[in-house]
Amino acid sequence: MERTLSIIKPDGVEKNVVGEIISRFEKNGLNIAAMKKIKLSKSDAEGFYAVHKERPFFGSLTDFMSRGPVVVIVLEGEGAISKNREIMGATNPEEAAEGTIRKDFATNIEENTVHGSDAPETAEVEINYFFNAFEITG
Ligand code: ADP
Ligand code: MG
């Protein structure tokens with residue numbers, strides 16, 4: 001059993017597709033081990049995306065991620081990290097496969113509706129960024 005962090009980004013919340021996105025996770029065999037709706041400050045977003053701090057889009061990305069509420073979710077299941085990345089689709093919605101969340105809902109490469117951890121090490125760090133042990137019920 002593996003865990004991964006999903007974030008429904010501000011554009012997904014604004015488009016009112018939170019339920020639709022969660023439904024896709026559940027239909028694909030991923031369980032919700034923890035979930036909450038929160039608002040990131042600019043510095044919360046900068047901390048979360050610290051790995052991208054040298055990238056030209058860092059300022060714009062962290063403005064976007066802190067402009068409105070997000071839903072943070074711990075997904076649990078067999079191969080949850082790669083399964084979630086499949087359900088999400090490619091970073092750039094123009095390159096995302098049919099039927100993926102980003103293909104169906106993303107606005108552009110930045111406002112791409114969902115985040116998903118990319119490896120076991122980042123999943124652990126990202127889950128711990130938002131949740132404590134009491135909040136993760138499995
Ligand atoms: P992913 O979210 O698919 O793992 P990355 O880790 O490469 O993608 O990038 C993190 C986030 O930064 C993306 O989801 C997207 O919101 C934003 N981003 C990535 N590349 C660009 C870009 N070229 N221009 C603007 N924003 C970008
Ligand atoms: Mg990434």
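**Note on the cores and the main pocket**

1. In this predicted model, the largest nonpolar core comprises 19 residues. Those with the most contacts inside this core are Leu5, Ile7, Met65, Phe130 and Phe131.

2. Both strands and helices build this core: strands S1 (2-8), S2 (31-38) and S3 (70-77), together with helices H3 (42-48), H4 (58-65) and H7 (120-130), each give two or more residues to it. The greatest contribution comes from H4, with four residues.

3. With neighbours within four places in sequence left aside, Ile7 is in contact with Phe48, Met65, Val70, Val71, Val72, Thr113, Val114, His115 and Phe130. Met65 and Phe130, two of these partners, are also listed with Ile7 among the residues with the most contacts inside the largest core.

4. Another core lies apart from the largest one and has 16 residues. Val17, Ile21, Ile87 and Phe105 are among them.

5. The largest pocket has a volume of about 600 Å³. Its lining consists of 26 residues, of which Tyr49, His52, Leu61, Thr91 and His115 are the closest to the pocket centre. His115 is also one of the contacts of Ile7.

6. At least two residues of the pocket lining come from each of H3, helix H5 (80-88), strand S4 (114-116) and H7.

Technical notes
Residues are numbered from 1 along each chain as its sequence is written. Chains are lettered from A and ligands numbered from 1 in the order in which they are written. This is a predicted model: local features need pLDDT of at least 70, side-chain atom pairs count only at pLDDT 80 or more; totals for chains, interfaces and linings use all residues. Side-chain values use heavy atoms; hydrogens and water are left out. A nonpolar core is a set of buried Ala, Val, Leu, Ile, Met, Phe, Trp, Tyr and Cys residues joined through side-chain atoms within 4.5 Å. Buried means under 20% relative accessible area, exposed over 50%, partly exposed in between (1.4 Å probe, protein chains only). Contact means heavy atoms within 4.5 Å. On a 1 Å grid over the protein atoms alone, a cavity is a set of points where a 1.4 Å probe fits but cannot get out, and a pocket is an open set with protein on both sides within 12 Å along at least five of seven lines; lining residues have an atom within 4 Å of a point. Grid points are joined across faces, edges and corners, and a volume is the space filled by probe spheres set on the points.
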